[in-house]
Amino acid sequence: MTPLLEARGIVKRFGHVTALGGADFSVNAGEVTALIGDNGAGKSTLVKVLSGVFAPDEGELLLRGEPIRLDSPQHAREVGIETVFQDLALAPELGPAENAFIGRELLKPGLLGKLGVLDKAKMRKQAYESFTSMGTDVKDVDAPVASLSGGQRQSVAICRSIMWANEIVFMDEPTAALGVRQTRKVIELVRRVADRGVAVVLISHNMPEVLEASDRVEVLRLGKRVAAYDAKRTNVDELVGAMTGALEMTK
């Protein structure tokens, strides 16, 4: 099966520091693929390459088997790649519906649209339908995001990405600082996203969570992929061993 997105031999340098020294990575449609590694392994750099923030110095990216160069995050979004960063990048004074359409506002038809008048009712309706279809507990799409719980804010950020992503969503530590109940809801949401055929890349330090939420796990160490596992056929000790170098390359 041809991966939906694949990275081959990615090298990224910052001055004399090599953050990625020939990293490989792949993700398939409808799967949750966890990307794990110790601090400094190169996870954040690889995600930024895959989402158009950084251009690789060497190596290639392939989308559905075809070479692609992602010139910017905007270009990545245009080809269906969205990223949910750990800081969520939400405007706290705006409601979930308004946050969902930041930078993609809908205008009213006709002359009003030409004058720049926003179609708030249509945006609100589409946002509500998206949040409802994803089974979130965000009931009020107009309440300021600052008034929502941590789990609800995370749901808003994820649903916003799903509204626009038709290929891949990267999620950076989506359950960081959440309680048990909120973490459970976010994991369920991650699985529902994959069930829609979207590829999900989950970056996390929580190994039990990785095993529960993921279909596959890819491990980075010192800027390279050192292991790739079926999540149902591995365990925490094996993952930690790969991350720390205690295990040899496994595929």
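Glu-173 sits in the loop between S7 and H7. This is a predicted model, in which local features need pLDDT of at least 70, side-chain atom pairs count only at pLDDT 80 or more, and totals for chains, interfaces and linings use all residues. Residues are numbered from 1 along each chain as its sequence is written, and side-chain values use heavy atoms, with hydrogens and water left out. Helices (H or I, at least four residues) and strands (E, at least two) are DSSP runs, numbered from the N terminus.

**Exercise 1.** Describe the backbone and the exposure of Glu-173 and Arg-64.

*Solution.* Start with the general rule: most residues other than glycine have a negative phi. Glu-173 is not a glycine, yet its phi is positive, about 45°. Now turn to Arg-64, in the loop between strand S4 (58-63) and strand S5 (66-68). Arg-64 also is not a glycine and has a positive phi, of about 55°. With 52% relative accessibility, Arg-64 counts as exposed (over 50%).

**Exercise 2.** Work out how the buried residues of H7 are arranged.

*Solution.* First, the length: H7 (residues 180-195) has 16 residues and spans 23 Å from first to last C-alpha, close to the 22 Å expected at 1.5 Å a residue (1.5 Å times one less than the number of residues). Then list the buried residues: Thr-183, Val-186, Ile-187, Leu-189, Val-190, Val-193 and Ala-194. They cover an arc of only 160° around the axis, so they lie on the same side of H7 (the arc is that of the directions from the helix axis to the C-beta atoms). On the other side of H7, Arg-181 and Asp-195 are exposed. Finally, look past the end: H7 is followed by Gly-197, whose phi is positive, near 95°.

**Exercise 3.** Find which helix gives the most to the lining of the largest pocket.

*Solution.* Of the 23 residues lining the largest pocket, the closest to its centre are Arg-77, Glu-82, Thr-83, Arg-104 and Arg-160. H2 gives the most to this lining, with 5 residues.

Methods
Buried means under 20% relative accessible area, exposed over 50%, partly exposed in between (1.4 Å probe, protein chains only). On a 1 Å grid over the protein atoms alone, a cavity is a set of points where a 1.4 Å probe fits but cannot get out, and a pocket is an open set with protein on both sides within 12 Å along at least five of seven lines; lining residues have an atom within 4 Å of a point.
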